[in-house]
Amino acid sequence: MAEAAKLCRPGVVAAYPITPQTHIVEHLAQFVADGELNSEAINVESEHSAASVVLGAENAGVRSFTCTSSQGLLLMGEVVYCIAGMRLPVLMICANRAVSAPINIWNDQQDSIALRDSGWIQLYAENNQEAVDLVIAGYRLGEDQKVMLPVMVCVDGFILTHGMEIVDIPSQEDVDSFLPPYTPPFKLDVNDPMSFGLLGDPSVYMETRYAIHKTFEDVLKKIPQVGSDYEKLTGRDSVRLVEPYKTDDAETIIIAMGSVCGSVKDMVDDARASGEKVGLLKVVTFRPFPKQQVREALKNATHIGVLDKDISLGSDGALYTEVKAAVPDKKVNGFVAGLGGRDITRKTIKSMFQLARKEEKSCTFIDIKPELLWEEFRVS
Amino acid sequence: MKEVKIFARAGQGAITTAAILGEALYYEKKYAYAFPHFGAARMGAPMNAFLRLDEKPIRMRSQVYEPDYIVVIDPTLIESQACFHNVKSGAKAVVAVRESTQLPKVEGVKIYTLPAEKIAMDVIGRPFANTVLLGAFAKATGEVKLDSVLKAVSGRFKGKPQVQEKNVEAVKKGYENV
């Protein structure tokens, strides 16, 4: 992932170390120290400062990169909203990790989901190859002058950040041909002074929000275009809104995001070998949410199950809410699993295939340990 | 697809072991996914690293529960970490042993033992059993060629000729001791 960021030639890198993101930033700092990346690696005292540095750098017309996780992302939160509101196409990798308390360094997707309404494009990687691809394509997408929005590439902590596998890394020439230098339409410039991020009173504020909302509609059209150009360059169609896997004739479809999709694909193949018509709909782009594409992929399904590695406490999983809103007339079962790093095993996935076929429940926690709960909270 | 589970204490090089095996498999045009599972991240704490290997890209992302192969870097973990629990029938185990090590009898599992720490002391001068076990794994399982492991180990230590030479020797000794 550090290699992918390096190929994009960010002029400023600022991040504060946090598990499981740390070695991505360490590698980038090493590239800068070794002279392999001509960039300012700026040491900061917190994630809030890291986000502020990349905000300033982008505003001065410099491509920037940051990377965080969990509490770090929450500490950035205030600035994360500012970056989107100021239409600065920062790219961030979020190494998805559970949120405190209790403190937990392991993977779920609660952190990026907590920032889903901030105006950032959110892309979720299934494997390290997709992480590489989404970073490179993410810069091109965010910096499109018709877009000008920040991009968060979400990668499951440990499972991807500490997982080692073979990836194809495009050449510098290829990336240079795909990703032109960053040329923002407006920037901080002493020769052409302008102010940014100022007061937006009731007479203008709402239009700034509406403009981002409308841009997101364009982003849904741009992603397949950028994906197609990226595929021409690399032969990989990893940059997309959704990836349907054996859904055409599937009676039961599981919907998920991130690395667990790989496991579900294996289990789909297993189940199909024994005659079950199951499939997976992988959501790559969560913001903007590709409602139309989800609806299309689910049109023939009888049983739908949504897997969330997050929970909107007091409601349902975040992905569940989106899917149910996309197909309100269909039966959709919601599952919460894998919180705080609880392993999503073959058995977990099998039980979701089964539960998806039962009566509709919006939020079933899978792999809960009843012995750790008050008696009245236990379900049979 | 074959699944490997490595038992060690944090600091004994389990992740490096998995990564080097993964790289060696890559040289044979196979696919590998190597990944750790940390408990609380402190030196000396029991931990696992895992490796999946296949002829095609690997998608499964769960931990390994029923390994085809286990590698035990620290023999003091055999009982406390239940290393032989749920291993597949027909599995192979590559275990570093000390004089005091007692091995369980597990039906259907072929166990290969070697004094990997002692070998490492003789060859490297420090008790790092992991590179010795890499050679042993290659010989015991036949999943990867010795030459590929040697290439991956050499690459890992390419900036440090002395360390490189000793580790290459350690791999070879591991291979010979199975």
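**Close-up 1. The loop of chain A that holds A:Pro20.** In this predicted model, A:Pro20 sits between β1 (12–14) and α2 (22–33) of chain A. The peptide bond that runs from A:Thr19 to A:Pro20 is cis, and its omega is near 0 degrees.

**Close-up 2. A cis peptide bond between A:Ala101 and A:Pro102.** Omega for this bond is about -5 degrees. A:Pro102 belongs to the loop that connects β4 (91–96) with α5 (110–114) in chain A.

**Close-up 3. Helices α3 and α4 of chain A.** The axes of α3 (residues 47–59) and α4 (residues 70–85) come within 7 Å of each other and cross at roughly 25 degrees. Because angles under 35 degrees count as roughly parallel, α3(A) is roughly parallel to α4(A). The crossing of α3(A) past α4(A) is right-handed.

**Close-up 4. A:Ser70, a residue other than glycine with positive phi.** Phi of A:Ser70 is near 45 degrees. The residue is part of helix α4 of chain A. A:Ser70 has a relative accessible area of 0% and is therefore buried.

**Close-up 5. A:Met148, not a glycine, with positive phi.** The phi value of A:Met148 is about 50 degrees. A:Met148 lies in the chain A loop between α6 (128–143) and β6 (151–156). With a relative accessible area of 9%, A:Met148 is buried.

**Close-up 6. A nonpolar surface patch formed by A:Ile166, B:Tyr26 and B:Tyr27.** Together these residues have about 260 Å² of accessible area. A:Ile166 is in the loop between β7 (164–165) and α7 (172–178) of chain A. Its relative accessibility is 35%, so A:Ile166 counts as partly exposed.

Note on methods
Residues are numbered from 1 along each chain as its sequence is written. Chains are lettered from A and ligands numbered from 1 in the order in which they are written. This is a predicted model: local features need pLDDT of at least 70, side-chain atom pairs count only at pLDDT 80 or more; totals for chains, interfaces and linings use all residues. Side-chain values use heavy atoms; hydrogens and water are left out. Patches are made of residues with over 30% relative accessible area and no salt bridge: like charges are joined within 9 Å, nonpolar side chains (Val, Leu, Ile, Met, Phe, Trp, Tyr) within 5 Å. Accessible areas come from the Shrake-Rupley method with a 1.4 Å probe; for residues, only the protein chains shown count as cover. A salt bridge is a side-chain nitrogen of Lys or Arg within 4 Å of a carboxyl oxygen of Asp or Glu. Helices (H or I, at least four residues) and strands (E, at least two) are DSSP runs, numbered from the N terminus. Buried means under 20% relative accessible area, exposed over 50%, partly exposed in between (1.4 Å probe, protein chains only). Axes are lines fitted to C-alpha atoms, for helices over the stretch in contact, and angles run from 0 to 180 degrees between N-to-C directions. Angles under 35 degrees count as roughly parallel, over 145 as roughly antiparallel, 65 to 115 as roughly perpendicular and the rest as oblique. A crossing is left-handed if the near helix is turned anticlockwise from the far one by less than a right angle, and right-handed if clockwise.
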